[in-house]
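Where do charged side chains pair up in this chain, and what do the pairs connect? The report below takes up that topic.

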Amino acid sequence: MFKEYDVIVVGAGHAGCEAAAAAANMGSSVLLVTMNMMTIAQMSCNPAMGGVAKGQIVREIDALGGMSGIVSDKSTIQFRMLNRSKGPAMWSPRTQNDRMKFSEEWRLALENISNLDFWQDMVSGLLVKDGKVEGIKTGMGVEIKAKSVVLTNGTFLNGLIHIGEKQFSGGRTGEKAATGITEQLIALGFEAGRMKTGTPARLDGRSLNYSLMEEQFGDENPSKFSYLDTPKTEKQRSCYITYTNPEVHDILKTGFEKSPMFTGRIQGLGPRYCPSIEDKINRFSERDRHQLFVEPEGWNTVEIYVNGFSSSLPEDVQLAALRKIVGFENVKMFRPGYAIEYDYFPPTQLNHTLETKLIKNLFFAGQINGTTGYEEAAGQGLIAGINAHNNTHEKPAFVLRRDEAYIGVLIDDLITKGTEEPYRMFTSRAEYRILLRQDNADLRLTEKGYLLGLASQERIDRLNFKKEEIKAVANFVKKTKFNPEEINTILENLGTAIVKEKISLDALIRRPNVSLENFKGINKEIDNLYHTYSIEAIEQVEIYTKYESYIDKEEKLASKITQLEDYRIAEDYDYSQLPALSAEARQKFSKIKPRTIGQASRISGVTPSDISILMVYLEK
């Protein structure tokens with residue numbers, strides 16, 4: 001019934017969709033297996049993409065030739081660039097999305113790839129022989145062969161949903177859990193654990209009083225994620241802000257004795273940076289209110305997502321508390337919030353390619369690796385899909401370094417440090433974040449995607465055109481000079497020092513509170529600059545000019561650290577032969593099996609002394 005595929009992807013969430021699209025677009029024959037064809041790329045929690053550090057990941061996916069940015073742009077109902085008041089390393093794009101449109105656009109994109117097939121079924125196990133995966137077996141008893149398999153099971157592995165004292169098996173509300181895979185992987189020698197995540201109630205927007213809330217508009221001139229010519233957002237829907245209050249907290253506390261989190265029925269650790277509302281009022285008891293974002297689910301629905309009110313308390317307690325929130329006095333609930341526990345596999349069991357160390361040709365991506373968030377999952381899925389294709393066709397592994405992409409930071413953190421709670425990306429996790437900005441993801445990564453055969457010719461043509469624009473704008477900025485009488489009034493109004501002699505535009509925009517745009521109207525040449533070249537190219541030149549010394553410093557530091565990444569360690573190196581190492585270093589090196597000195601140096605608990613000792617032995 002089935003041919004042998006190059007790659008089988010299990011699960012059609014954000015990781016699975018990116019993995020399947022990447023492998024298929026690079027030329028592999030791919031089968032995407034999902035338990036429900038109607039929930040492909042379902043936004044299981046909030047209807048949004050991007051955010052702090054997450055927006056950078058979406059732009060990186062797009063720059064490499066992935067699909068998340070394109071799909072997000074096509075389903076945007078609001079766009080905001082977060083942290084504009086801070087430096088450009090912190091600027092983070094975020095969209096509110098039409099939940100149904102997002103899923104529809106992903107499915108259409110996948111169905112448009114001719115060498116990508118679909119199969120609706122539950123995967124109950126893997127076909128494994130001599131330490132290699134050879135395919136899958138399904139709940140219907142079908143065996144399908146493949147050269148590589150990517151597992152992207154999300155929250156479905158032995159998923160258990162909690163609402164108050166009720167608990168029932170499920171991978172998502174209204175969908176059954178997946179069984180069999182965890183037990184088989186443990187039998188094969190994998191270590192497994194449990195994690196928890198949650199989601200808030202969904203509300204009937206017709207029952208809310210928006211006039212009592214603070215309206216939150218999108219950007220006046222909205223940008224987008226993709227570097228391709230995706231639709232520009234012409235109209236936007238507002239979100240709204242409201243707050244909990246002491247009365248809300250008191251009602252929620254009445255349900256604590258039935259809370260699965262406080263009674264110990266939930267064993268898995270939840271996300272530290274996205275806690276449930278009951279966890280917030282328990283941990284931050286000194287606060288009398290918590291901010292809530294009221295987010296529409298799409299253009300043509302009244303359904304509302306309440307960001308900040310995730311809960312697993314009994315449904316009657318949730319509803320009673322919601323009705324004490326300003327603007328929610330007459331609220332109707334479509335469905336309650338819930339918590340879900342699921343299996344994951346500590347990611348220290350993976351290589352940088354996301355291939356497992358125990359079983360060849362088997363890759364893990366997404367929440368199975370202990371992450372949380374659509375963007376983190378999609379980034380992993382893209383890398384797993386690329387490497388599953390390369391693995392199948394005997395091509396070199398593709399790995400992104402920490403100084404090349406947030407995706408590189410994400411994967412290196414996971415496989416080197418592991419995680420015991422759902423991992424979420426932050427700008428603070430990246431030591432080279434001024435290099436890893438959202439505005440330059442194409443300059444960093446599109447050539448890599450093109451050489452892989454993933455980024456299209458159109459992408460590389462657009463990149464080369466942008467580089468030419470940047471070069472022209474940079475030359476203009478350096479050669480253009482002003483006399484004091486032309487600009488001193490502008491400088492005074494900006495609160496910066498006036499000048500007494502001729503000064504270059506380059507020198508002026510190095511000042512922290514001065515922008516190139518401040519000099520529009522001085523002469524036709526500057527005005528023509530904005531008519532001739534793209535805003536992106538002008539912004540790129542301004543950022544580099546203003547932060548040149550910081551960028552150069554980080555590039556030099558990254559270059560030094562890269563030397564340690566080039567210092568390879570054999571996979572089967574026997575660390576027990578090194579008695580001079582600390583016991584903790586020997587134990588962790590033996591477990592994680594770092595492939596480079598750089599990776600070894602980032603393992604938690606390993607000291608500089610351990611690294612020095614290891615290098616001495618390796619040189620011998």
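What follows is a short account of salt bridges in a predicted model.

The count comes to 37 salt bridges. Three of them are listed here.

| Pair | N to O distance |
|---|---|
| Glu247 and Lys324 | 3.6 Å |
| Glu565 and Arg602 | 2.6 Å |
| Glu584 and Lys588 | 2.8 Å |

**Glu247 and Lys324.** These side chains form a salt bridge at 3.6 Å. Glu247 sits in helix H6 (residues 246-253), and Lys324 sits in the loop between helix H8 (315-322) and strand E17 (333-335), so the pair ties together parts 77 residues apart in sequence. Glu247 is partly exposed, at 43% relative accessible area. Lys324 is partly exposed too, at 38%.

**Glu565 and Arg602.** The salt bridge here spans 2.6 Å, N to O. Glu565 belongs to helix H17 (residues 548-565), while Arg602 lies in the loop between helix H19 (597-601) and helix H20 (608-619). The two are 37 residues apart, and the pair links distant parts of the chain. Both Glu565 and Arg602 are buried.

**Glu584 and Lys588.** This salt bridge has an N to O distance of 2.8 Å. Both residues lie in helix H18 (residues 583-592); they are 4 residues apart, so about one helical turn separates them. Glu584 is partly exposed, with 35% relative accessibility. Lys588 is partly exposed, with 23%.

**A network.** Salt bridges with shared partners join Arg402, Asp412, Asp413, Lys417, Glu431, Glu565 and Arg602 into one network.

Technical notes:
Residues numbered from 1 in each chain as written. Predicted model: local features only at pLDDT ≥ 70, side-chain atom pairs only at ≥ 80, totals over all residues. Heavy atoms only, no water. Salt bridge = Lys/Arg side-chain N within 4 Å of Asp/Glu carboxyl O. Buried < 20%, exposed > 50% of the residue type's maximum accessible area, 1.4 Å probe, protein only.
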